[in-house]
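Subject: Structure for you, with notes on its cavity and pocket

Hi,

Here is the structure I promised to pass on.

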Amino acid sequence: AVQTPFESADVCLTILQRDPESLESQFSPSYGMCLNMLRARSLEEAQAVVQCSFGNYLARERGQERASTAEVLENSLAALQTELVEAGGTHHAPAGVNAKQWAACLKLEERLREEKRLLS
């Protein structure tokens, strides 16, 4: 049964079939909140609370995703560098390699450098 007359069975089916929406915390601790926590807890306890927070969890997840992406890009870069050495060190596509695919690989190399810069 639908909750309102504005909801149809089609809308319900669409909602059930799609992936869940990501949850993002809107919580932002203020300076005063931090001071109150430090009054009530030791520094170590306050750090433990912050490390267990949902926002910190999301940051770790994003970091792991970025590290995974960086690893894939590094592997692609290594393969491209091998091809580049075999092609004589030019930025032109080696013989038998599609020029568009070669350009895409060079863009991946640039993206890898940027990901490494962001992780540093």
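Leu77, Leu80, Gln81, Leu84, Trp102, Leu106 and Glu109 line the largest cavity. Please keep in mind that this is a predicted model. Two elements give two or more residues each to this lining: α4 (54-86) and α5 (99-119). α4 gives the most, with four residues. By class, the cavity lining has five nonpolar residues, one polar and one charged. The volume of the largest cavity is about 40 Å³. The count of cavities of 30 Å³ or more comes to one.

Glu109 deserves a look of its own. This residue is found in helix α5. Is Glu109 buried or exposed? Its relative accessible area is 17%. The cut-off for buried is under 20%, so Glu109 counts as buried. Leaving out residues up to four places away in sequence, Glu109 touches Leu77 and Gln81. Both of these also line the largest cavity.

Now the pocket. The largest pocket has a volume of about 410 Å³. Its lining is made up of 15 residues. Nearest the centre of the pocket lie Phe27, Pro29, Met37, Val50 and Ser53. At least two lining residues come from each of α2 (31-40), α3 (43-51) and α4. The largest share is from α3, with five residues. What classes make up the pocket lining? There are 11 nonpolar and four polar residues, and no charged ones.

Best wishes

Technical notes. Residues numbered from 1 in each chain as written. Predicted model: local features only at pLDDT ≥ 70, side-chain atom pairs only at ≥ 80, totals over all residues. Heavy atoms only, no water. 1 Å grid on protein atoms, 1.4 Å probe; cavity = no way out; pocket = protein on both sides within 12 Å on 5 of 7 lines; lining within 4 Å. Points joined across faces, edges and corners; volume = space filled by probe spheres on them. Nonpolar A, V, L, I, M, F, W, Y, C, P; charged D, E, K, R; others polar. Buried < 20%, exposed > 50% of the residue type's maximum accessible area, 1.4 Å probe, protein only. Contact = heavy atoms within 4.5 Å.
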